[in-house]
Amino acid sequence: MKKLSLLLLSFVLLVSTSACESELDVIPQGAPSSGNFWKTPADAQAGVNAIYALYSDDNMYGRGFFWLNNASDDIGTKPRQNAERIKNFIVDGSESDTKDIWRLHYEIMKRCNDVIRNIPNIPLDEKTRNGMLGEAYFNHAVMHLELAYHYGDDRAGIPIQDRENFTNVYVPRAKNVGENYAYIAADLKKAADLLPYFDELTPDNYGRAHKTAAWAYLVRTYLYAKDWDNAIKYANMIVASGKHKLLDNFEDVFKIKNNWSTEYIWSVTSSAENTGLGSIFPGVCLEDKGWGAYNGWGNFYPTKELFDTYDPADKRRSATILQKGDKFVYFGQEVTFNEGSYIVSSSNRTGYQFKKYMEPFSYPKTNSGAVDIRYVNANGDKPSTALNVPLLRYADVLLMLAEAKLMKGQNADTEINLIRHRAGLSDLAGATLTDLKRERRCELAGEWTDRHFDLVRWGDAKEAYAKPLHHYNGTVIYPARNFNPAIHHVWPIPPDEIAVSKGALTQNQGW
């Protein structure tokens, strides 16, 4: 992991220079590569490392991308104009918090295509070449998928970059999102064929793409494509591989020591020591100003609706959410949430806080009073930690398998009860889709699996958003909202991208 982090950091200057030279900020879907690059094995490695560099961008998995999930009924957001616009589905795509999502995803896809196009011409041994190509196909597919279901539908998909001709940057939208899902699935199958299993990677390469991660994203792709048979097929391949299992204790999933546990599938590799690396999401969810001990940003808080979804006996509730009176360890001291010196700020819309990402902030400060940079970034303006932020974990695979089975009319008790057993809940017999939806919400709350698009995918968003959201004391923090399934099932494409597309891009209907 350290070697990968250093390689990424060393590539920052090269990335910045290339971006300026090729005007990536105005040319859609990527730009031409430098002609004096892609000559040596070192160039090849630098090119692959560049794919991962943007994962640490604050507008990707730091917080920018999560602003769109703030629409969900799980989240109460720090008062902020753009957050309110997203919450009420009145955005136009030019909001500063979200407009870079499209550009960053396409830039990563462009870097992947550079690797795919150029690596075969560089002298490399077969194993190294295959691994690099597998990483590129995998990362392209992940970025492609995230944009596809956020912006594409049956009326129009998203542009598929011209992989062979990098100068062809004005690419129209795919006919429909089904074309995108087919392309994504093909890339993931190529990736899976080329990549090793995670346990075949050396520790200095942890954080790179691997075989079961490719299969897991195939499951997610087929879930969105409503191809239940293939979703079941690839989920079962992961289960049968024996490479993953649930940790015994739910709370342990979100501890630094378990960054690479058997539950790990795919995460944002994070660092507390390098200010340019890792997700700031733990700091983003920490109470605003961190009670004076650290610069928490306090952007996203769990709602009463989420809290009330949990059975009081569910172990996941106390591991996921801090409520008034809860004891927790904060920089080496046991304190009480929302009492005494740890009253929440006025910007906390719900009176709760996500606890999942709090472990890095539990370690004592140094003798000089500084944070321990083994766990927490000393720069509060870049509140990254040593905790990897999960993007897809094994529990999600089991729940996607259960969902696909239920959609096929099959029994999914085995998968659902594995999840419930760890939560300390009794087994279900004849579990229903309603049971699945509850388990998915409770298991994955506050994670990047995207509760909002779960609701959209299930056709539940209109009904869910027609209900108000509440503070822990019962007061309304958001009134009922108007969600139009014919429009709001996708987000608007940033107008800046449409403006520079020379007519290749059209806006989603209704926005």
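Predicted model: local features only at pLDDT ≥ 70, side-chain atom pairs only at ≥ 80, totals over all residues.
Let me begin with a pair of charged residues, Glu 443 and Arg 316, both of which are buried, where buried means under 20% relative accessible area, exposed means over 50%, and partly exposed lies in between (1.4 Å probe, protein chains only). Residues are numbered from 1 along each chain as its sequence is written, and side-chain values use heavy atoms, with hydrogens and water left out.

Back to that pair. Glu 443 forms a salt bridge with Arg 316, with 3.1 Å between the closest N and O atoms; the term stands for a side-chain nitrogen of Lys or Arg within 4 Å of a carboxyl oxygen of Asp or Glu. The bridge links distant parts of the chain, since Glu 443 sits in helix 16 (residues 433-444) and Arg 316 in helix 13 (residues 315-320), 127 residues apart. Helices (H or I, at least four residues) and strands (E, at least two) are DSSP runs, numbered from the N terminus. In general, side chains of opposite charge can pair when their charged atoms come close. A search of the whole structure finds 41 salt bridges, and I will show two others.

Glu 415 and Lys 405 meet through their side chains in a salt bridge at 3.0 Å, N to O. Because Glu 415 lies in helix 15 (residues 413-422) and Lys 405 in helix 14 (residues 394-407), this pair ties together parts that are ten residues apart in sequence. Both Glu 415 and Lys 405 are buried.

The side chains of Asp 454 and Arg 440 form another salt bridge, at 2.8 Å from N to O. Elsewhere, salt bridges that share partners join a set of residues into one network, including Glu 263, Asp 314, Arg 316, Asp 435, Arg 438 and Glu 443.

What does the record say about this region? The UniProt annotation "domain: RagB/SusD", from an unreviewed entry, covers residues 262-511; positions are given in the numbering used here, feature names are shortened, and annotations may be inferred rather than shown by experiment. Over residues 262-511 the chain is 28% helix and 12% strand, with the end C-alpha atoms 43 Å apart.

Next, Ile 477, which is in strand 10 (residues 476-478). Ile 477 counts as buried because its relative accessibility is 15%. Leaving aside neighbours within four places in sequence, Ile 477 is in contact (heavy atoms within 4.5 Å) with Gly 76, Arg 349, Thr 350, Leu 469, His 470 and His 471.

Helix 3 (residues 41-53) is mostly covered, with ten of its 13 residues buried, among them Asp 43, Asn 49 and Tyr 52. In helix 10 (residues 228-241), the buried residues are Trp 228, Ala 231, Ile 232, Tyr 234, Ala 235 and Ile 238, and these pack against helix 8 (177-194), helix 9 (211-224) and helix 14. Helix 10 is followed by Gly 242, whose phi is positive, near 70°.
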